[in-house]
Amino acid sequence: LRRLGVDAHLIARVGDDPLGRMVTDHLRAEGLTTRGVVVDHDRPTACYLREWLPDGERRLTYYRTDSAGSRLCADDVAFPEPTPGLLHLTGITPALGPSAAAAVDVAIGLATSLGVPISFDPNFRPRLWSAEAARPLLRRIAARSDVLLMSAGRPTAFDARYFGPLPRAQIQTVVSPLLTW
């Protein structure tokens, strides 16, 4: 977003480690506001590796268990001044654990109270949580969102096999391979 000239602010947790410092330094270099990034002195920065296999498929390896990011909590959520024009969420954050899911709920409540539109990319990852566990949380987030972003070329978390129809008619579905990386 910054490269498109849009102000961006991140709410996250990183560890007090070289990877956490590299991430925040890179975000600052790109012009993002990092006031919402909490440095956790007790847990490492999470990461995942993407491996492209010879058959063209990809394999993801996650290093998130008991990470700083998995401890994101409601107290970490604050919006910068001026009020943002959009809150963007992904389904990965609530998959990290109950406190991260609570942080998402707080962010949605804050955005709603301030009249900030909400965009949501479900980004369902079966390796992070089961469809049964994800279903109620992702449906609740989608129901409170104004824009639903879906990735082209792969099944979505809102495929009828997982979730059935969406509960809110005003959601606009945007399909764009440019939004995934």
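Residues are described here as buried when their relative accessible area is under 20%, as exposed when it is over 50%, and as partly exposed in between, with a 1.4 Å probe and protein chains only. The structure is a predicted model, in which local features need pLDDT of at least 70 and side-chain atom pairs count only at pLDDT 80 or more, while totals for chains, interfaces and linings use all residues. Residues are numbered from 1 along each chain as its sequence is written, and side-chain values use heavy atoms, with hydrogens and water left out.

The protein contains four helices and eight strands, where helices (H or I, at least four residues) and strands (E, at least two) are DSSP runs numbered from the N terminus. Along the sequence these elements follow the order β-α-β-β-β-β-α-α-β-α-β-β. Of the 181 residues, 38% are buried. Among contacts (heavy atoms within 4.5 Å) between residues at least 6 apart in sequence, 71% join residues at least 24 apart.

Helix H3 spans residues 98–114, 17 residues in total, and reaches 24 Å from its first C-alpha to its last. This is close to the 24 Å expected at 1.5 Å a residue, the expected span being 1.5 Å times one less than the number of residues. Its buried residues are Ala 100, Ala 101, Ala 103, Val 104, Ala 107, Ile 108 and Ala 111. These residues lie on the same side of H3, because they cover an arc of only 155 degrees around the axis, the arc being that of the directions from the helix axis to the C-beta atoms. The buried residues of H3 pack against strand E5, helix H2 (92–95), strand E6 (118–121) and helix H4 (131–143). On the face turned away from the buried side, H3 carries the exposed residues Pro 98, Thr 112 and Ser 113. Gly 115 follows H3 and has a positive phi, near 75 degrees.

Side chains of opposite charge can pair when their charged atoms come close. A search of the whole structure finds 11 salt bridges, a salt bridge being a side-chain nitrogen of Lys or Arg within 4 Å of a carboxyl oxygen of Asp or Glu. One of them joins Arg 3 and Glu 30, with an N to O distance of 2.8 Å. This pair links distant parts of the chain, 27 residues apart: Arg 3 belongs to the segment before strand E1 (12–15), and Glu 30 to the loop between H1 and E2. Arg 3 is exposed, at 71% relative accessible area, whereas Glu 30 is partly exposed at 25%. In a further salt bridge, between Asp 16 and Arg 21, the closest N and O atoms are 3.0 Å apart. Asp 16 is partly exposed at 42%, as is Arg 21 at 41%.

The side chains of Asp 66 and Arg 43 also form a salt bridge, at 3.4 Å from N to O. Asp 66 lies in the loop between strand E4 (58–63) and strand E5 (87–90), and Arg 43 in the loop between E2 and strand E3 (47–52), so that the pair links distant parts of the chain, 23 residues apart. Asp 66 is partly exposed at 40% relative accessibility, and Arg 43 is partly exposed at 27%. Both residues belong to a network of salt bridges that also includes Arg 13, Asp 40, Arg 71 and Asp 76.

Beyond its neighbours within four places in sequence, Arg 13 is in contact with residues including Val 38, Ala 68, Leu 72 and Cys 73.

Thr 34 lies in the loop between helix H1 (18–29) and strand E2 (37–40) and is buried at 13% relative accessibility. A polar contact of 3.2 Å joins the side chains of Thr 34 and Arg 28.

Notes:
Polar contact = N/O pair within 3.5 Å; in protein donor to acceptor, adjacent residues only side chain to side chain.
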